[in-house]
Amino acid sequence: MTPTPHLAEIAARTERPAPFQPVDRVLLPDAGTATVDIVVPVYNEERALPGCLHTLHARLSEGFPFSWRITVADNASTDDTLATARRLADELPGVGVVHLDRKGRGLALRTVWGASDADIVAYMDVDLSTGLDGLLPLIAPLASGHSDLAIGSRLAPGARTVRGPRREFVSRCYNGIIRLTHGVRFSDAQCGFKAARTEVLRPLLKVTRDDAWFFDTELLLLAEHNGLRVHEVPVDWVEDVDTRVDVVSTATEDLRGLWRMARFKASGGARVDIRPRSAPAAEHPDAVLAPAKGRGVLSWEVGCFIAIGVVSTAGQALLYWLLRGWWTPAVANLVSLFVLTVLNTEANRRLTFRHSSTAPTRAHLGAGGLFVLGYLVTSGAVLWFKWLDPGASPAAETAVLAAASVAVTGVRFAALRLAVFAGPRSRTS
């Protein structure tokens, strides 16, 4: 990957940013004091840029309750995009232009955001696929200090999207892979509608590496890894088919980026110096709180593990019974146990041991060893039972299988708690 030029070197080759547009205090007496820098990264967008800036500028001027400016970040366009952006900047107050000699959305955002003097930085795609009604809900939790980053989500409850089945499928698959491999809580990494508080963003920008489309995912992975609060806004989103994105190459680079980030987090290099949020505290001065010893996690872990274990055992028994009609006892048990082990591990990672910072990969690999133990014990029990009673029915085999599964539950819990999920607690716990 080509090294990113120093921000000062890039800034020396760019136009000065536009001044912030003040809020009309007569119309909005309760307006906030935060300043917002909205970046629009572009590459060969001379057709789409005028409509974008006129629409966005009008919406902000109509009553946006924070001082704002728009910065067009030109990513080495080869058409008249830069000239168009400069003309619009002369025409519209509060619009500035930054020109970069190399293309890449990630490079543009890291450059402009890293040099911005705004309290909050944001970006949106030039096609305005994301409805602007979501802009204030995106900025407000950052201005109040409640959240550190805010993202628009096309997959969150309440979101409404108009897009083709291919893009819908690719988006859901990619975000599913992120949640499975990194255990994140946000639902949509790639929506071009994000914002962040500058003070917490700068340390993250120093360790980001991607210059292209994976930058969004990388930034969010770093934010969650360092205990920052990410706020999701369900958005209205309408697909614009005039896109510069190569879906196949972008998907390939995204998968490589996920693997790189997994190794980066495992090495410890993804930890940055960010002041953690203070622990939750009761607001009411006379609140009656449970004693500290009553807040231990062991009782939660035991109860949750048992509940998940009961459901998993029932699920495995049901799946085994369904598969037994086609396959031998050993094969049916192998498949049913594998499927339920994956589901059981993910449920325990997200619920039982939710405060552990153990990575999903390590969790599933550790559970894989327990899978082998469980398979040997349960298969041995079923085969032994079949040896004792060759004419036993599948229902009887299922009962033996369930009993054997219960027998290894205690060992599994101890191994998960003391070994697999024994890493340091997350900062958000």
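Helices (H or I, at least four residues) and strands (E, at least two) are DSSP runs here, numbered from the N terminus. This is a predicted model, so to speak: local features need pLDDT of at least 70, side-chain atom pairs count only at pLDDT 80 or more, and totals for chains, interfaces and linings use all residues. Residues are numbered from 1 along each chain as its sequence is written, and side-chain values use heavy atoms, with hydrogens and water left out.

**Thr130**
- You'll find Thr130 in the loop between β4 (120-124) and α5 (135-143).
- Thr130 has a relative accessible area of 5%, so it counts as buried (under 20%; exposed is over 50%, partly exposed in between; 1.4 Å probe, protein chains only).
- Beyond its neighbours within four places in sequence, Thr130 is in contact (heavy atoms within 4.5 Å) with Cys191, Gly192, Phe193, Val235, Asp236 and Trp237.

**Nonpolar cores**
- A nonpolar core is a set of buried Ala, Val, Leu, Ile, Met, Phe, Trp, Tyr and Cys residues joined through side-chain atoms within 4.5 Å.
- The largest one has 39 residues, and Leu56, Leu135 and Ile139 have the most contacts inside it.
- Helix α2 gives the most to this core, with five residues.
- Setting aside neighbours within four places in sequence, Ile139 touches Val36, Phe64, Phe66, Ile120, Ala122 and Ala195.
- There's also a second, separate core of 37 residues, with Val121, Phe215, Leu220 and Ala270 among them.

**Around α10**
- Helix α10 covers residues 297-323, and Leu322 lies in it.
- Leu322 has 41% relative accessibility, so it counts as partly exposed.
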